[in-house]
Each structure stands twice: as structure tokens, then as C-alpha cells.
Amino acid sequence: MAITSANQLELLQTAEAVAREKMIDPVLVVEAMEESLARAAKSRYGSEMDIRVKIDRKTGRAQFTRVRTVVEDDELENYQAELTVEQARQYMAEPKVGDTYVEEVPPVELGRIAAQSAKQVILQKVREAERDRQYEEFKDRAGTIINGVVKREEYGNVIVDVGAGEAILRRNEKIGREAYRPGDRIRCYVKDVRREARGPQIFLSRTAPEFMAELFKMEVPEIYDGIIEIKAVARDPGSRAKIGVISYDGSIDPVGACVGMRGSRVQAVVNELQGEKIDIIPWNEDLPTFLVNALQPAEVSKVVLDEDAERIEVVVPDEQLSLAIGRRGQNVRLASQLTGLDIDIMTEEEESQRRQKEFEERTKLFMDTLDLDEFFAQLLVSEGFTTLEEVAYVDQDELLVIDGVDEDTANELQARATDVLEAQAREALARARELGAEDSLIEFEGLTPQMVEALAKDGIKTLEDFATCADWELAGGWTTVDGQRHKDEGLLEPFEVSLDEAQTMVMTARVLLGWVDPTELEEDEGEDDEVDGEETEETEA
């Protein structure tokens, strides 16, 4: 079929029809046609030639041209697509390197193979344009709720028609044992949109905590308007969920607004989530208070927060333990997700037993090391003394408040404690030297003999060894793996060395060894101070 013999307007009509069907720009279809015709022409005239095709956007006429570029004499490689300056003078008045000479060539006859090739090029270009359009349409919809129709199920994954493309709801993103049939309407959360070689991949979820938050935003106008904010969501999909909310208007109860008249608002969300029970909890900046709310319906007697370890200890009445833990640990697990803290739950009886055990251990420590009778040792523990260091180095006035302790007794107590600590330090230092600890480590400021011994037991025997340590290796920390937090024991953790202190000691060792320029550290600290200052100003503003 020759282009000249065909109805030239048919090209434009075809382009518009394809563009409408695929919902893409007609210009992209026309460009694909131009490329396919150019490829067909090259197969006719020779692949070395630079053949270009331009389709008139009004008449549909296809113009075939051959383009040759002017190059230096010694750079001529492809005589079909290039000209030397001398050769170009036959066609151009004053040719220069880089100029192009364009001449029209006769339209080609599209044979069966060429026509098939042209069709493939057009289809490929149309597919690429369609994928780009889909990606542009959906990339900004990540984090929102979308409605779709189930098309089919593949290996437990549900393929959903979302209008201008397909999305996938993976098996692990479905609630419980949800089953869908083709044609069912479905509402999902757009978790992620990725551009991939086979087209945009739209990943849906019905188990994501954000799905519940978005559902509440749709049902509760106050959340949509920003009067109420959802601060945290924790879900056991299909079973139970907890959601923390806060109101920025003192006249509006956040829990009541989310529940709605006779529970109408929360019930709409529950119905969408296959009957998932939802606890709506008032948010509180004070973590212990928020946790007490989060553990409802269980009553809490006492809360002890360890912010450094991100752990919280909760004491509940004996009869409330099973309620606080929940079925298969569900209640405490959701409360932990909601607060971002690890929660230890114990009964009042268990806490009493633990406190009694600690009391006895500390009493025995003072009896054995300070040569005290049981009554006097118990007095010390009752006043809050827990270690020999506290007795040895505390202000003497704190000892004098204890019944029966005068100045001479206080002096004697502190002298005994100091002697024991010094003896322990000498013994620890001797053991550290036996393990191979060198003077460079022993004399390093900030490390006690007991710390040096602990390091030497782990093979850290020189200042160089110490300088290679990470701060968390010394102070300990927490690692999250597959959503589970695991404790990393630090070598100096028993000595209550904090992460900041460990970092300072390691950097000091590196400076002493010449590994780090101290001026660079000062510059970094200055920059950090500036950032902190800016953040403070913003907060105050």
C-alpha cells in the first residue's frame, strides 16, 4: 500500500481513534506513526540512511525526507547520512560543519512485512504512552482510598480494575479470609505506585493502618477539616484495632465525634473492615497516661517509663492481668504498636515479690561489703541507697537524715565504702592486665578498671581497639527486625554508660590517635548547635 494512494486523512482519523480509546494524546500516536513509516522507509532505501517522516497535522500528508549532516573530511564514516564540506558545496552555498542537507524522497510502498513492523512500532509507542499516563494519574493517589472492581484472582492475589488500569491486592494485604468474585466492588488503600518496565504497578492494601485512618477521615468531617487528628493507629486486621485521636477544639470530644450518633460513624468503618472491633482512645502527649488509656478496658495501678530503652513497665491488679494482656496477647500488642514502646505487664503481687527480692539483694550487699548488721543495712536501702558508689560519694547530709546516724557514723560508712570500691578497682585492674589490657586503654579518661576488665574480656585491649567500637556496641541498643524489637547488649551497659557518653568516649579516642581532626568535630558541633537553635526558634514562633 502506497502512502500517496491511501486516503491521507485516514492517518489522522486512525490516530485520533486510537488516542480516544487509550485516553492518550493524539500527538503521541502521530509521532509513533511517523517513526514506524521512517523505519519502513529505511528498510526500502537502506538502514544507513537518515530517513525522517513528517505527517501534516491538518492534511494527513506524509512527507519523506533524507537528511545528511556536514562533517570534517577525516570524520566521514557513513556516506549515506554524512557529507564533507566539499561535497556539500554541490547543494549548498556556504556549507559549514554541523549543517544539514534535507531532500525529499519518494514515499515508499508498504509491503506486508513493513506494514507489520510499522504496526508493532505504533503499538509499542501507544503502550508506552498509556503506561506513562497511568503512572502520572496514579502516582499522586498513593496514600488515598480507591474504589475498583474485582477482575480475577491469581494465586490468592486479587487483580482489581481501577478504571484506567489494573491494581493488585496481595494475599497478605487482605483482611482475614476475605474472598472476592469477579465483578465484586472493592474499596482499598493505595499503598504504593511504582514505575516498572512492564508498566506502572499499583499495590493496594486493606490491612494497612492508614486504610482505617482514611476511612475515618471519610466518615468524620472533623477529621477531614483538621479539627480532630488521628495520631496513631494499630491494627490486628479483621479482629481488633486501636486508634488514638486528639481534638484541637476544646468544645469537641474527639472520641464522641469518631463514634457518632448511636455509633453510626464508627459502625460504617467497622462494616467496611469486616466487623473489626475498634477502640477509640484519647491521645495524650504524656506517654504513661496515653498507655493507661490504650490498655483499656483493663485498669492500671502503676506505670514506670524507661525512655532510653523505650520500654514501659505496667502494674495491674491480679484480676486484671488477663484483660490487660488480651486474647493471645492482642490487647498489649496493639497498645505497644500504638505507643511505640515495649510493654512489660506484671501483677501487683509479682511487682511486690520483685521489689522484695531487690530489697533483700541490696541489704545483703551492704551487710557483706560494709560489715553492717541486717537492721542498719535495711535502713540504708529504705532510704534509697542501691550501690556502694552512692554511699561512698553522696553528700554526707543525706546519710545524717537516717535515724541513728551521726557524723562519725557517716564518716565511717563512707570510709568503708571507699575502701571496698578501691579494693575492687585494684582487683579488676589486675585481672584486666592479666587479660592483656594495655596502658593506653587503662589510662584512658572515663574508663574505670571494671570497664577496662569488661572490654578486655571481649578482646578490646588497646586504645586502637576501643576507637573502632560503635557507640551501640558499648552502650547497647535496640534493633527492629521484621517488626520485632531485639535488645543488643552493650559491653559497658552494666555500668550505665549512655549512648551519648559512649559516642563521646569513642570520638575522644579517635582524636587522641590522630584518626579524626578535632577542628572538624568542633565545626560539626557548631552546625548541630545552629540547627538546634533554628528548631527552637521555629518552635517558639
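Modeller: Helices H16 and H18 run roughly parallel to each other, because an angle under 35 degrees counts as roughly parallel and their axes cross at roughly 25 degrees. The model in which this pair is seen is a predicted one. Two packed helices are described by the angle between their axes and the distance between the axes. The distance here is given by the axes of H16 and H18 coming within 8 Å. The crossing in which H16 passes H18 is left-handed.

Which residues of H16 and H18 meet? From H16 come Gln424, Ala425, Ala428, Leu429, Arg431 and Ala432, and from H18 come Pro449, Gln450, Val452, Glu453 and Ala456. Sorted by class, the residues of this contact are seven nonpolar, two polar and two charged. An α-helix has 3.6 residues a turn, so residues three or four places apart point the same way. With that in mind, one may look again at Ala425, Ala428 and Ala432, which are among the residues of H16 that meet H18.

The end of H18 leads on to a loop. Thr462 is found there, between helix H18 (449–457) and helix H19 (463–467). Is Thr462 buried or exposed? Thr462 is buried, because its relative accessible area is 12% and the limit for buried is under 20%. Beyond residues up to four places away in sequence, Thr462 touches Glu438, Ser440 and Leu441.

Leu492 is buried, with a relative accessible area of 0%. Residues up to four places away in sequence being left out of the count, Leu492 touches Leu447, Met451, Leu455, Leu474, Val497 and Met505. Of these, Met451 and Leu455 fall within the residue range 449–457 of helix H18. Leu492 also lies 19 residues along the chain from Glu473, and the C-alpha atoms of the two are separated by 8.3 Å.

Just after H13, Gly384 takes a positive phi of about 100 degrees.

Helix H12 (residues 348–370) and helix H13 (residues 374–382) have axes 8 Å apart and pack at an angle of about 125 degrees. H12 and H13 are therefore oblique to each other, and their crossing is right-handed. In this contact, Phe359, Arg362, Thr363, Phe366, Met367 and Leu370 of H12 meet Glu374, Ala377, Gln378, Leu380, Val381 and Ser382 of H13. The classes in the contact of H12 with H13 are seven nonpolar, three polar and two charged residues.

Finally, the setting is the whole chain, which has 22 helices and 17 strands. Of its 541 residues, 39% count as buried.

Key
Residues numbered from 1 in each chain as written. Predicted model: local features only at pLDDT ≥ 70, side-chain atom pairs only at ≥ 80, totals over all residues. Heavy atoms only, no water. Helix = DSSP H or I, 4+ residues; strand = E, 2+ residues; numbered from the N terminus. Buried < 20%, exposed > 50% of the residue type's maximum accessible area, 1.4 Å probe, protein only. Axes fitted to C-alpha atoms, helices over the stretch in contact; angles between N-to-C directions. Parallel < 35°, antiparallel > 145°, perpendicular 65-115°, else oblique. Left-handed = near helix turned anticlockwise from the far one by under 90°. Contact = heavy atoms within 4.5 Å. Nonpolar A, V, L, I, M, F, W, Y, C, P; charged D, E, K, R; others polar.
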